[in-house]
Amino acid sequence: MKARYGVEVIEPPKVDIALYKRYVAIGENASAASSGIRVQSTPDLRSAQRKVTKLIRKSVFSLDSLYHVTPPTVNRVSKDIYKTYVTRSVNGAPPPSHSMLVSYEKYVWGAAGRH
């Protein structure tokens, strides 16, 4: 393989194999619990199952349905930002402040002097 593809296939490190076994154990535990299928236990599987990360639910799904959806909560600051954007789209942008005009002039005259 080295000559053909430029890489040599080697045995993965033990750490990677252990991580993969934990990953497989999570999947087997999840599918066995939902399908009622009993997975044959081996010493490697039992060892991996002891090391499986416990998954903890951090949020609860709302009871939304096809007919009723609870809108998400939005803080006041986010609502104010949204209102500012909507107002700007209706009324157009406000005129630039004096300090912005000075900045623009410096930029324009600075760029003109370089050409």
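I began with Arg-76 and Asp-80, which lie four residues apart in helix H4 and are therefore separated by about one helical turn; helices here are DSSP runs of H or I of at least four residues, strands are runs of E of at least two, and both are numbered from the N terminus. Arg-76 forms a salt bridge with Asp-80, and I noted 2.9 Å between the closest N and O atoms, the rule being a side-chain nitrogen of Lys or Arg within 4 Å of a carboxyl oxygen of Asp or Glu. By this rule the count comes to one salt bridge.

I then looked up the accessibility of the pair (buried means under 20% relative accessible area, exposed over 50%, partly exposed in between, with a 1.4 Å probe and protein chains only). Arg-76 is exposed because its relative accessible area is 60%, whereas Asp-80, at 33%, counts as partly exposed.

Before going on I recorded that this is a predicted model, in which local features need pLDDT of at least 70 and side-chain atom pairs count only at pLDDT 80 or more, while totals for chains, interfaces and linings use all residues. Residues are numbered from 1 along each chain as its sequence is written, and side-chain values use heavy atoms, with hydrogens and water left out.

I checked the length of helix H4, residues 76–91: at 1.5 Å a residue its 16 residues should span 22 Å, and the end C-alpha atoms are 22 Å apart, so the two agree; the expected span is 1.5 Å times one less than the number of residues. Just after H4, I found Gly-92 with a positive phi of about 90°.

For confidence I read pLDDT, the predictor's own value for each residue from 0 to 100. The protein has a mean of 80, with 73% of its residues at 70 or more; among its elements, H4 has the highest mean (93) and helix H3, residues 43–50, the lowest (68). Where pLDDT is low, the predicted coordinates should not be read in detail.

Over the whole protein I noted five helices and zero strands, and buried residues make up 5% of the 115 residues.

Last, I looked at Met-1, which is found in the segment before helix H1 (2–5) and counts as exposed because its relative accessibility is 54%.
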